[in-house]
Amino acid sequence: AVTWTSHRALWRRLIEVEPAEHLGYKLLGMDARARGNHHEAIALLGRARMMDPSDRQIRFEYGQALYDAGRFSEAADVLGAMLRDEDVLTEPGLVRLYLDAVGRSRGARAVVDAARPLLTTGAAATAALYTGLALEQLGDRAGADVAYRDGLRRHPSDSALLARVRH
């Protein structure tokens, strides 16, 4: 009965019973991240990721934990590797987190470079927005407007792009 007193207790028990199974580490890591315990989340999710590197949720949670801990370069590497899966490109939250991590770790020019291949994918609106924002930071307002307008050609009702473009 003690095992069932909380989710955390159940997941710890799962690790005790099945230490080679990634699920307990994944769930405890997600719980640690939700509680703001970055060090524990990174350790647990890192272990789960090594045990099952194909689990997309583990990779995303691990990337988020790295980002939350201010380890932006590592987060960008983990999240960027996920973008090789075509269907992930339709998840704007992942793309935003990736491009933000790139910007925080490598600067605005790196965001422009990282976003460029995404401009013809399902992530085009997000990539155009981040390209424009990065170009603005670099002092290129005309280039930023071009990026926003290119994004609007693909996604005419994107409110973030509409808010940024100069009329």
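Y67 counts as buried because its relative accessibility is 17%, where buried means under 20% relative accessible area with a 1.4 Å probe and protein chains only. The model is predicted: local features need pLDDT of at least 70, side-chain atom pairs count only at pLDDT 80 or more, and totals for chains, interfaces and linings use all residues. Residues are numbered from 1 along each chain as its sequence is written, and side-chain values use heavy atoms, with hydrogens and water left out.

**Aromatic pair**
- The structure holds one aromatic pair (ring centres within 6.5 Å).
- Y67 and F72 form this pair, with 5.0 Å centre to centre and 70° between the planes, which is edge-to-face (over 60 degrees).

**Whole protein**
- The protein has 10 helices and zero strands; helices are DSSP runs of H or I with at least four residues, strands are E runs with at least two, and both are numbered from the N terminus.
- Of the 167 residues, 43% count as buried.
- The C-alpha atoms fill a box of roughly 65 × 25 × 25 Å along the principal axes.

**Helix 6 and helix 8**
- The axes (lines fitted to C-alpha atoms over the stretch in contact, with angles from 0 to 180 degrees between N-to-C directions) of helix 6 (residues 92-106) and helix 8 (residues 124-137) come within 9 Å and cross at roughly 25°.
- The two helices are therefore roughly parallel (under 35 degrees) to each other.
- P92, V95, R96, L99 and D100 in helix 6 meet T126, A127 and Y130 in helix 8, with contact meaning heavy atoms within 4.5 Å.

Note on methods: Rings of Phe, Tyr and Trp (its six-membered ring) pair if their centres lie within 6.5 Å; planes under 30 degrees apart count as stacked, over 60 as edge-to-face and the rest as tilted. Buried means under 20% relative accessible area, exposed over 50%, partly exposed in between (1.4 Å probe, protein chains only). Angles under 35 degrees count as roughly parallel, over 145 as roughly antiparallel, 65 to 115 as roughly perpendicular and the rest as oblique.
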